[in-house]
Amino acid sequence: MREVLRAAVMVCRKDLRMEWRTKATISYVVPFVLIVVVLFAFALDTDPVLLRRATAGVYWITVLFAATLIAQRSAAIEGRDGVMDSLRLSGLDPAGQFLGKAAAIFAQLLLIQIPLGIGVAVLYGVSLERPGIGVLSALLATLAVAASGAIYGPLAAGFVGSEAVLPLLYLPVLTPVMMAATRSAESALGFGVGAGWHWTAMLGMLGATFLVLGTLTAASLLEHR
Amino acid sequence: MTEKATAERAALQGPLSTGSRATRVLGLASIASLALLVFYTFKATKPDVELGETVRILYIHVPTISTAYLLLLTNAVASVVFLVKKNRFADHLAGASAEVGLLLLGLTLVTGMLWGRPTWGTYWVWDPRLTTTLIMFLMYLGYVTLRGLPGEFVTRGTRAAIVGIVSVFMLYPVRQSVNWWSSLHQGSTALGRPLKAEISGNQELALYIGFLAFLILAVWLVVHRFRLAWLEESARETSLTAEIAERRAAEAPGSTTVRADVSAAARVSQGAGSPQEDTQ
Amino acid sequence: MRQATATAQATATAQATERAPGADSADARAMGGLALRFSNVVALSGGFPVLTGVDLQVQVGSICWLAGANGAGKTSILRVAAGLLQPASGTAEVLGMNLRSDLPAVRAAVGLLSHQSGMYEELSVAENLQFWGRACGAKNSEIAASLRRAEVSQRLEPVPFAQLSSGQRRRVSLAAMLVRRATLWCLDEPHAGMDAPGRDLVDGLLLEARDSGVTTLIASHDADRVASLATDRVWVQGGAISSDSGLSEGQTTTSNIGRAEP
């Protein structure tokens, strides 16, 4: 267990340090996220009622798009110049490597949700009515998206045109996350019927499922990605 | 030389076509049971009290989705076996069952939409069952696409197996969230639950014939698809054996038996020149 | 979770093995002093038979030179020995351990210098070494010592790996291999891209390692250099060993062979 944790901390710190060096998420993904928010506003027409109603959906669709970019990059940085061989020889616990990658994706997804949240709040004119459920469900949903991203990113890496392969595999699996996150967000924004705690529970269950499956398959994935 | 010949003979001992007596029996059985299903669907049953004539579509629609679920379960079990054992059998079984499963999911969607047209007046309603099937269809479409991408046997199999396992664990959450999601918008309608309609007598029999027919059909298709994949792999291996022999023969002068002589000769003639000069 | 603990234990054992090189060579001596025993090893890559039946035995403490043309299968032999390419058939033992069942232990005992750097381009030299060094349980002082030993100058430490010249990259990869304290070195063209002092450094390290009981597999075209270092030489042709000869038989023949190599 200590080995798993040690590997996870090392890999996560390494990934975040690389992100800090290249600023890829901040310089590409954050502007992308803001563009999507603005484009959706035009696509849906700038009717305030409609925009407010669509906020939760737009928010999470944008997070999913950003997640495909981040998961792709997370897998790509391990796929260059013999790094995979070094990782296989390193003795770092495979499950720990998976958890570390998932943690780094989680952190980056949280990072992009700051400008995204501010963006929709300002441009779509919404406010958080129930911050408790809003924050908790967003954290759980982000965890589920990050854990599945750490599974699917490497699976789709290394092909010609892997940019297209990842969304094809990744997005259908995320539909339950999308539904649960959107409904939770709606009730957090004051649109939903009731508190929607069952949706939050669903998010927790999905996150746990992805984490467990990723941990169990990590050794196979490291060996044969 | 002998190595190559033995390998070729070994490969030839396997099946040379995807058919056999058993599959022909299966094929005939599926044709017969499908014919029986057609008879029961259109002739032997009366229109439903609630659903009218459209109930007839359900004798196909319901068996296809149950058989599809069975195949996806098979895929998941085979995927787990592959991750542990890395054997060809599990990989081909996983691939074959997912492909046929995808076909049946597609059939379920089509029949569902055909049923929806007269019932709801439109081909697509975000009915929880259909929506769940659509999401599953998309998930396994990704799986089949991934299998089709080039790669080493073990690599491709491992990637596919992981996707297969994750996908099967998503079936329940997908279904549950779609149920909650649609009850939020539509409220539960009688239309969304066609099986709640009373079925009895010949209707029930027709449904069972449907289950049987599609089960036999699925097994038949899976066996053929499995054998095809097996033959492809065997063909690759046979050519590989030939390739190994060829590579050794072409680059090292002489065959395996002569190789000992070459090394001996090389040791003797080291002063005169290197073995590499022979090939240049 | 159970699987995770099992892996953790395996890693722990692997590290214990790695941290005690003496124990390893004792094991190897127990199996008749062989660091490497390949018998009819066939290996595939991308569906192509890169190895077509390799029979190879390497004594502990020897420097085995794999010679042969490009594409002959030298790199593939190194990758099988390092536990990165599983044989499709045949048996392979590395340091007395089975390549399939003791894979983590084999990998922990092996150091690989391939033609790829195995480093993160975005991270600095120091950060790369920190990551790979700590991964195999090395202390900071050991990491610093490896960098000094590979003659990576201190002013390069904060420089991103991507900005290094090819010789400098080689040295950093070499340092990352040294920090593993491996008992089997797999070197793929270690002299390539190095300047004269760099090539001398590699030679010095090789001899030093041999004296401390390390076994080395070295794939090289730099015949003049390797011929004087190697204790054994095998020709790799068409994915198999075409003949082997002990260089100890006579240095004159060795240099002759050396010149025949392009």
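This is a predicted model: local features need pLDDT of at least 70, side-chain atom pairs count only at pLDDT 80 or more; totals for chains, interfaces and linings use all residues.
**Chains A and B**

Chain A has nine helices and zero strands, so that its pattern, read along the sequence, is simply α-α-α-α-α-α-α-α-α. The radius of gyration of chain A is 18 Å, close to the 17 Å that the globule rule gives for 225 residues, and chain A is therefore as compact as a globular protein of that length. Taken along the principal axes, the box filled by the C-alpha atoms of chain A is roughly 55 × 30 × 30 Å. Chain B, likewise, has nine helices and zero strands, and reading along its sequence gives the pattern α-α-α-α-α-α-α-α-α.

| Chain | Share from residues 24 or more positions apart |
|---|---|
| Chain A | 85% of the contacts with a separation of 6 or more |
| Chain B | 79% of the contacts with a separation of 6 or more |

**Helix α9 of chain A**

Helix α9 of chain A, which runs over residues 197-224, has 28 residues and reaches 39 Å from its first C-alpha to its last, close to the 40 Å expected at 1.5 Å a residue. Even so, α9(A) holds a kink of about 55°, which is centred on T217(A).

**Where chain A meets chain B**

Between these two chains, 23 residues of chain A are in contact with 25 residues of chain B. On the side of chain A that touches chain B, at least two residues each are supplied by α6, α7 (162-173), α8 (175-188) and α9. Which helix gives the largest share of this side? That helix is α9(A), with ten residues. Sorted by class, the residues of the side of chain A that touches chain B are 16 nonpolar, six polar and one charged.

**Where chain C meets chain A**

Chain A is also touched by chain C, as 30 residues of chain C are in contact with 27 residues of chain A. The elements of chain C that each supply at least two residues of this side are α1 (2-19), α4 (103-109), β6 (110-113) and α5 (125-135), and the largest share, nine residues, comes from α1(C). By class, the side of chain C that touches chain A has 16 nonpolar, nine polar and five charged residues.

**A residue in a loop**

R130(A) is found in the loop between α5 (94-124) and α6 (131-155) of chain A. R130(A) and L189(A), although 59 residues apart in sequence, are 6.6 Å apart in space, C-alpha to C-alpha.

Definitions and conventions
Residues are numbered from 1 along each chain as its sequence is written. Chains are lettered from A and ligands numbered from 1 in the order in which they are written. Helices (H or I, at least four residues) and strands (E, at least two) are DSSP runs, numbered from the N terminus. The expected span of a helix is 1.5 Å times one less than its number of residues. The bend at a residue is the angle between axes fitted to the seven residues ending there and the seven starting there. Two residues are in contact if their C-beta atoms, placed from the backbone, lie within 7 Å. Ala, Val, Leu, Ile, Met, Phe, Trp, Tyr, Cys and Pro count as nonpolar, Asp, Glu, Lys and Arg as charged, and the others, Gly among them, as polar. The radius of gyration is taken over C-alpha atoms; the globule rule is 2.2 Å times the number of residues to the power 0.38.
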